[in-house]
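The structure is shown first.

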Amino acid sequence: MPIITMLTDFGTTDPYVGELRGVLLSRAPGVTLVDLTHDLSPGNIPAAAYILGRAWTQFPDDTIHLVVVDPGVGTRRRAIAFELSTHMFVGPDNGVFSTLPGLERATVVELPILESAAPTFHGRDVFAPAAAALACGKALSTLGPPFEGSLVRFQTAAVRRDEMKVTGVVVYVDRFGNLLTNLTGSDVAGCTGIEVSGQTAGPVRNTFGDVPPGGSVVYVGSGGTVEIAVREGSAARRFDAGVGSRVRAVFA
Amino acid sequence: MPIITMLTDFGTTDPYVGELRGVLLSRAPGVTLVDLTHDLSPGNIPAAAYILGRAWTQFPDDTIHLVVVDPGVGTRRRAIAFELSTHMFVGPDNGVFSTLPGLERATVVELPILESAAPTFHGRDVFAPAAAALACGKALSTLGPPFEGSLVRFQTAAVRRDEMKVTGVVVYVDRFGNLLTNLTGSDVAGCTGIEVSGQTAGPVRNTFGDVPPGGSVVYVGSGGTVEIAVREGSAARRFDAGVGSRVRAVFA
Amino acid sequence: MPIITMLTDFGTTDPYVGELRGVLLSRAPGVTLVDLTHDLSPGNIPAAAYILGRAWTQFPDDTIHLVVVDPGVGTRRRAIAFELSTHMFVGPDNGVFSTLPGLERATVVELPILESAAPTFHGRDVFAPAAAALACGKALSTLGPPFEGSLVRFQTAAVRRDEMKVTGVVVYVDRFGNLLTNLTGSDVAGCTGIEVSGQTAGPVRNTFGDVPPGGSVVYVGSGGTVEIAVREGSAARRFDAGVGSRVRAVFA
């Protein structure tokens, strides 16, 4: 049996994740369930997309990724399933899949919403049954008709590379308060730091321990883009910055 | 090997859940462990009962449900195990099983407390070994003598249905701040809203997206009873309500 | 396939634990993953050591314990793997293994850090691959050269036993606010209570329920050492105490 990963904003206190797990294990006995996270802030589609975009590549072929960050549940937003690069994905068509490379070329089906599905819990009643069916080897095409139209994608502000000036944005803030940007390593090659909220973070180093405790540091993070951290502290607090904050590479 | 679900108030930071998992996997190799939640507020028996009452039905036959919300651990409250509708349940006799339909007809055994059990951690030393024994196929009757007397059950205030007036209570508040009541869909059929804490929530619709952001909505929730939500907000905060708050269906 | 336990300070919101799980399941298909915790405060090495020191003994032979509480990631701190009492351990050489009995006699290898490893995420790129290799049956000696020198260990203040006076410290505080000390049951035999922060906690009893709600109680905890609790309350708050607070057995 394959792996099903789960990425939701349900939190871990309420019955919802347990019900999801029960449906998956009832319909796909022997499947391996893996939590990506359930702790996203409610309806945080950009964070869901960021996490999915990083984590899915670490899983083996045939893994099914079930994403239920779904503030529009029960409305006319569409429910989808698709295959991409030997992985399968199931969730709402609301932008949560925006970060997947080649998404525009995926073969997508639209999942029907049965009358019996609770209008506030498609995770349990629509998406989990679809993911379980895929885990049991059912063909994608049997789950619903081909998706018509184009998928919802949100746009992250692109990096702007002018002469002597490279600007980007913070795309994610992690629990340590590290600011993850969309700048690449080559964007900051030779720069002395990163300007954010009117202050300058830096120097550019390899890791936290390369600066003294309390010092800020700029480095190419484990996700492949530039990050700003404060050793043993929070860069988000130090620089009063968050998702969407502008960042600019500073050259001497 | 069957599934063992876990429902505790241990939190996920301390060693306790890890120790529980270790005991279960040592004594029932190959068992599938599933977290319902570990994040209940300490000793919150009504929340445990609510979550168990919803989630257990989603699991396949022969699942074993291990509940350790146990503020009376080490005192004279009794330890029990029983079978109900092809599922097994293990935990303290303190009301956590109150929501299971047909509980009064279950065949219950009383688990002996060995001298060696830590008086503050029956989860690890009494309940987990019992759950693991059941997972390994041991008969319920071998775990202890028949339970004498009647099980502890807590009572939720019943819905009162007078002429022109239907009143109930909030039985659970989820992480989104949604107020889950004990009113049924037919209780609110034709009503214009729900009165709670002197304010009126509504209209009655299908889902969150049927009202504008910030608006309140009344709907039949995924647990089968009436809920009150605020779209992209918290009904608990908006209406200053919580578990036990009275709610009343309002007819024009 | 064996079990791999995970003990990190990554939190459960960010992509990091998901990536770790993906690497482990990709490289060791069929392995059973178990969370000890991911919710340690960032860089909390003493708490990691305390939790590991309790939980590992509950797991079956051949379990692999992956510990990634690693504030010095990417610096010259060393990466290690070793076998002890039929279990395997993988993590940074920074004190997280301090509580393991017999650690000084373990055969330890030093894990090489590949050029391709992200300097801020050895959990994913160094430790998880090593744990997965062990899970697949690779010999410890193939993972790296023998470790030269002595492992980093932090010291907990020892219990001082003078005539008529026994003093120790709080070594861990759990989510309930219970104060877990390094005193043993025989240290408190016959004492009337424990002095902490200028107040006296007690009496000495078996469990929480042996005192009235709001009362404090001293007991031998499930980890084998003396604990201080407040029934239905928090001893940490009541006594304004935390890890490192001095405690003293009081005899009448």
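**Interface of chains C and A**

In this predicted model, chain C and chain A bury about 2,200 Å² between them, of which 55% is on carbon and sulfur atoms; buried area is the accessible area (1.4 Å probe) that two parts lose on being put together, summed over both. Pro15(C), Tyr16(C) and Thr120(C) supply 22% of the area that chain C buries against chain A, more than any other three residues. In contact (heavy atoms within 4.5 Å) are 27 residues of chain C and 26 residues of chain A.

One salt bridge is counted between chain C and chain A, the term denoting a side-chain nitrogen of Lys or Arg within 4 Å of a carboxyl oxygen of Asp or Glu. Arg54(A) forms a salt bridge with Glu19(C), with 2.9 Å between the closest N and O atoms. Helix α1 (residues 16–27) of chain C gives the most to the side of chain C that touches chain A, namely eight residues; helices are DSSP runs (H or I, at least four residues), numbered from the N terminus.

**Largest pocket**

The largest pocket holds about 940 Å³ of space, its volume being the space filled by probe spheres set on grid points joined across faces, edges and corners. A pocket is, on a 1 Å grid over the protein atoms alone, an open set of points where a 1.4 Å probe fits, with protein on both sides within 12 Å along at least five of seven lines; lining residues have an atom within 4 Å of a point. Of its 40 lining residues, Thr32(A), Leu33(A), Leu33(B), Thr32(C) and Leu33(C) are the closest to the centre.

**Conventions**

Residues are numbered from 1 along each chain as its sequence is written, and chains are lettered from A and ligands numbered from 1 in the order in which they are written. Local features need pLDDT of at least 70 and side-chain atom pairs count only at pLDDT 80 or more, whereas totals for chains, interfaces and linings use all residues; side-chain values use heavy atoms, with hydrogens and water left out.

Notes: Helices (H or I, at least four residues) and strands (E, at least two) are DSSP runs, numbered from the N terminus.
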